[in-house]
Amino acid sequence: MKDLISGLNKVFESRVRLGIMSVLMVNDSFDFNSLKESLNVTDGNLASHLKALEDRKLITVNKQFIGRKPNTSYSITRTGEHLFKQHLKALEDLINAQ
Amino acid sequence: MEKNPTSAEELKTIRKIMEESTKFLSLSGFSGLFPGLIAIAGALIAHFLILDKGEMSYYEYFATLSGKETVIIKWQMITVALSVLLLSLLAAFYFSFRKAKGSGKSFWTPVSKRMFINLLIPLVTGGLFVIILIIQNTIHLVVPGLLVFYGLALVNAGKFTYNEVFYLGILEILTGLVCAMFPDLWLVFWIIGFGILHIGYGLFMYRKYEA
């Protein structure tokens, strides 16, 4: 059974991280507040998970100003996309094996 | 191996998040139903009150009128059409807003903005085109123009909401093209395109997703 779970990435074990990656997989970029709303999490919680994903170079941050308001948006990196796809594949395999 | 409900659940959640973050799903069936009813009401007002009933053929009727009367009727028709448009938009917004609120989602999201931009580009183009048709006195192409451009707008916006919107768009385009072939029957095609198709769509969506 080792093979089946080897594709599962520990980085994506948290639900919030899974959520972030899912949104960024299908959107070119997504801003902090919209992300917060779609995942229904608190600022602090989301920020810490985003930081963790950013540190592992799975997502990139883009800070800019819209008018005078700061706006932070996030995009998935190639590595992030690759690893997340692998993770999804592993989940699917796990289900199919049952 | 033991059953692992979490991975199945996880995949389900992932799919849901992916869909919700790329599709505007707060579009309510009522947002189709009420504009449909309003469009039919508008058509009936135009037919019975402005065009003196019975006379289906707008153009023949026009020929019997003097220039001044024609202008008055033209403006009355435009007023009715704009009222239908305004009330329909209000109803469409209201019911979708209510659905979003009811399910605890926000109405303005990156997805809904994307959907509106994609809806508005063909729609505003169509609106301007139809205004030009009216100025040029090519009145027989006004209703086909409205239907075709509205259909294109729906096809475009359909990528960001329920797939059914795409198919509604295709039907509107077809209705518009057939209408262009039979311009005398514009009122019938208006009722089919803006009335019956919307009502059918609204009922279908309500039963499928909300009932």
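## Exercises on a predicted model

Phe34(B) sits in helix 2 of chain B, which spans residues 30-50. Keep in mind throughout that this is a predicted model.

### Exercise 1: Phe34(B)

Work out whether Phe34(B) is buried, partly exposed or exposed, and which residues it touches.

**Solution.** 
- Step 1. Start with the relative accessibility of Phe34(B), which is 32%. Buried needs a value under 20% and exposed needs one over 50%, so at 32% Phe34(B) counts as partly exposed.
- Step 2. Now look for neighbours, skipping residues up to four places away in sequence: Phe34(B) touches Ala91(B) and Phe95(B).
- Step 3. Tyr206(B) is 172 residues from Phe34(B) along the chain, yet their C-alpha atoms are separated by 12 Å.

### Exercise 2: Thr175(B)

Find the helix that holds Thr175(B), then decide whether Thr175(B) is buried or exposed.

**Solution.** 
- Step 1. Thr175(B) belongs to helix 7 of chain B, residues 163-181.
- Step 2. Its relative accessibility is 11%. The cut-off for buried is under 20%, so Thr175(B), at 11%, counts as buried.
- Step 3. Check what surrounds it. Leaving out residues up to four places away in sequence, Thr175(B) touches Leu147(B), Phe189(B), Ile192(B), Gly193(B) and Leu197(B).

### Exercise 3: A helix pair in chain A

Describe how helix 3 and helix 4 of chain A pack, and sort the residues at their contact by type.

**Solution.** 
- Step 1. Get the geometry. Helix 3 (residues 32-39) and helix 4 (residues 43-55) of chain A have axes 10 Å apart and pack at an angle of about 110°. That angle makes helix 3 of chain A roughly perpendicular to helix 4 of chain A.
- Step 2. List who meets whom. Helix 3 of chain A brings Phe32(A), Leu35(A), Lys36(A) and Leu39(A), and helix 4 of chain A brings Asp43(A), Leu46(A), Ala47(A) and Leu50(A).
- Step 3. Sort the residues of that contact: six are nonpolar, none are polar and two are charged.

### Exercise 4: Chain A as a whole

Sum up the make-up and dimensions of chain A.

**Solution.** 
- Step 1. Box it up. Along the principal axes, the C-alpha atoms of chain A fill roughly 55 × 25 × 20 Å.
- Step 2. Turn to burial and surface. Of the 98 residues in chain A, 43% are buried. Chain A exposes about 6,000 Å², with 49% of it supplied by carbon and sulfur atoms.

Technical notes. Residues are numbered from 1 along each chain as its sequence is written. Chains are lettered from A and ligands numbered from 1 in the order in which they are written. This is a predicted model: local features need pLDDT of at least 70, side-chain atom pairs count only at pLDDT 80 or more; totals for chains, interfaces and linings use all residues. Side-chain values use heavy atoms; hydrogens and water are left out. Helices (H or I, at least four residues) and strands (E, at least two) are DSSP runs, numbered from the N terminus. Buried means under 20% relative accessible area, exposed over 50%, partly exposed in between (1.4 Å probe, protein chains only). Contact means heavy atoms within 4.5 Å. Axes are lines fitted to C-alpha atoms, for helices over the stretch in contact, and angles run from 0 to 180 degrees between N-to-C directions. Angles under 35 degrees count as roughly parallel, over 145 as roughly antiparallel, 65 to 115 as roughly perpendicular and the rest as oblique. Ala, Val, Leu, Ile, Met, Phe, Trp, Tyr, Cys and Pro count as nonpolar, Asp, Glu, Lys and Arg as charged, and the others, Gly among them, as polar. Accessible areas come from the Shrake-Rupley method with a 1.4 Å probe; for residues, only the protein chains shown count as cover.
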